[in-house]
Amino acid sequence: MGMEDESSVILPLPVLVHDLGTRAEDSQTQALSTAAGDVLRDHRCFETPQGWMLALDPASLHTFLLRPQDGERIRLPPLEEALPLRCKCMLSDNPTAKPGCAVVVFDLDDSKMWTCNIGASKWDSHRYQLTMFLDGDVPREKNMAKCHGMAAVGGKIYYEITGDELGFIRSNGDGSPELDAMAVDMVDLPLSMPMAATYLVESCGDLFLVVVFFDGDNVHKIAEHAVYKMDFLRPAWCKVDSIGDDRAFLLGGDRIGISNFGASCSTAYHGGCGGMRGNCIYFLNHMAITENFLHVIDVGKGTEEVQRPFRHKGYMMPVRPPFWLVPTECTP
């Protein structure tokens with residue numbers, strides 16, 4: 001598999017990384033230097049819900065997966081072309097435990113993806129077409145990775161597609177991706193709360209949908225939240241009032257909901273998730289781009305606490321909202 005250990009220092013995770021680019025010493029790469037030495041100094045990095053990061057050397061196009069907490073790496077082949085400016089990376093499974101795990105990079109501005117199975121000799125690029133029909137049968141092309149959540153369960157990457165379908169990507173025998181969908185009604189979104197953000201989260205092999213409702217058009221204030229679990233036998237979204245006493249969901253994404261991020265973490269994990277409470281959602285409000293407030297929602301009690309982790313830091317407007325790094329051990 002080509003794993004390497006670059007550092008014996010363990011970085012406590014999860015953490016929120018405040019990426020200031022090259023404008024300050026405490027940029028994304030500097031924040032990770034404790035775990036990975038200087039290996040990310042000149043690399044583009046893409047976080048994943050499984051905790052691994054895809055690292056790309058822009059000069060050579062060499063790639064590898066990096067585990068931030070200890071610097072362990074998994075070799076990948078070089079890309080044949082540079083990745084576009086705005087991308088999202090997903091893993092189809094746990095790259096150290098499941099053979100055939102695919103690394104998938106989505107272009108957020110075009111209907112294109114790049115895929116590479118662990119152990120493969122090259123990356124492959126693929127174009128796809130998702131056509132939605134608006135009122136009056138007006139066709140519109142849809143980007144599967146933009147504006148909504150994605151999550152990997154059972155080797156498939158799921159994504160929201162329409163109000164009555166859930167899309168997913170599975171790997172063919174030759175490693176190429178195949179797009180498919182399952183019929184399932186989307187949850188009801190109240191007309192009284194027109195602004196909402198949705199997130200797909202994999203937790204202990206189950207697929208969850210989290211909906212954050214804002215107070216009217218005010219994205220700075222959360223009015224309500226709802227959590228649903230997918231029953232694949234029916235299939236249907238079933239509302240739940242618990243995500244587990246030893247689990248926390250970490251939500252965030254790129255600005256104005258361009259790309260949503262959802263991950264699950266065990267609060268009982270030794271060495272990580274320090275101070276996090278079970279059955280809680282930690283929502284980094286990337287919709288209100290000038291604030292970056294952290295909303296801690298207790299799913300069982302229905303309470304909400306607002307934290308300002310970057311208050312009084314003197315930070316300028318970041319190149320992107322803060323993002324989550326989670327420990328790989330928290331993903332089954």
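Residue numbers start from 1 along each chain as its sequence is written, and side-chain values rest on heavy atoms, with hydrogens and water left out. Since the model is predicted, local features need pLDDT of at least 70 and side-chain atom pairs count only at pLDDT 80 or more, while totals for chains, interfaces and linings use all residues.

Strands themselves are DSSP runs of E with at least two residues, and helices are runs of H or I with at least four, both numbered from the N terminus. Two strands count as paired if DSSP finds at least two bridges between them. In general, strands of a sheet pair through backbone hydrogen bonds, either parallel or antiparallel. Strand β24 (residues 294-298) pairs with β25 in the antiparallel sense, over five bridges, and Leu-294 stands opposite Gln-307 in β25.

Ala-248 belongs to strand β21 (residues 247-253) of that sheet. With 0% relative accessibility, Ala-248 counts as buried (under 20% relative accessible area; over 50% is exposed and in between is partly exposed, with a 1.4 Å probe and protein chains only). Leaving aside residues up to four places away in sequence, Ala-248 touches Ile-243, Ala-263, Ser-264, Cys-265, Thr-267, Met-276, Arg-277, Cys-280 and Tyr-282, where contact means heavy atoms within 4.5 Å. Ala-248 and Asp-298 are 50 residues apart in sequence, yet 9.6 Å apart in space, C-alpha to C-alpha.

Next come the rings. Across the whole structure, a search turns up five aromatic pairs. Rings of Phe, Tyr and Trp (its six-membered ring) pair if their centres lie within 6.5 Å; planes under 30 degrees apart are stacked, over 60 edge-to-face, and the rest tilted. Tyr-199 and Phe-283 make an edge-to-face pair, at 5.8 Å centre to centre and 70 degrees between the planes. Tyr-199 sits in strand β17 (residues 196-203) and Phe-283 in strand β23 (residues 280-284), so this pair ties together parts 84 residues apart in sequence. Phe-283 also forms a tilted pair with Phe-214, at 6.4 Å centre to centre and 50 degrees between the planes. Phe-214 lies in strand β18 (residues 206-215), so its pair with Phe-283 ties together parts 69 residues apart in sequence. Both Phe-214 and Phe-283 are buried, and Tyr-199 is buried too, at 0% relative accessibility.

Elsewhere, ring pairs link Tyr-158, Phe-168 and Phe-232 into a cluster. Lys-156 lies over the face of Phe-168, 4.8 Å from the ring centre, and the charged end of Arg-73 sits over the ring of Phe-64, 5.0 Å from its centre. A charge sits over a ring if NZ of Lys or CZ of Arg is within 6 Å of the ring centre and within 35 degrees of the ring normal.

As for the cysteines, the count comes to zero disulfides (pairs of cysteine sulfur atoms within 2.5 Å). The sulfur of Cys-116 is 9.9 Å from the closest cysteine sulfur, in Cys-101, too far for a bond. Cys-116 is buried at 2% relative accessibility.
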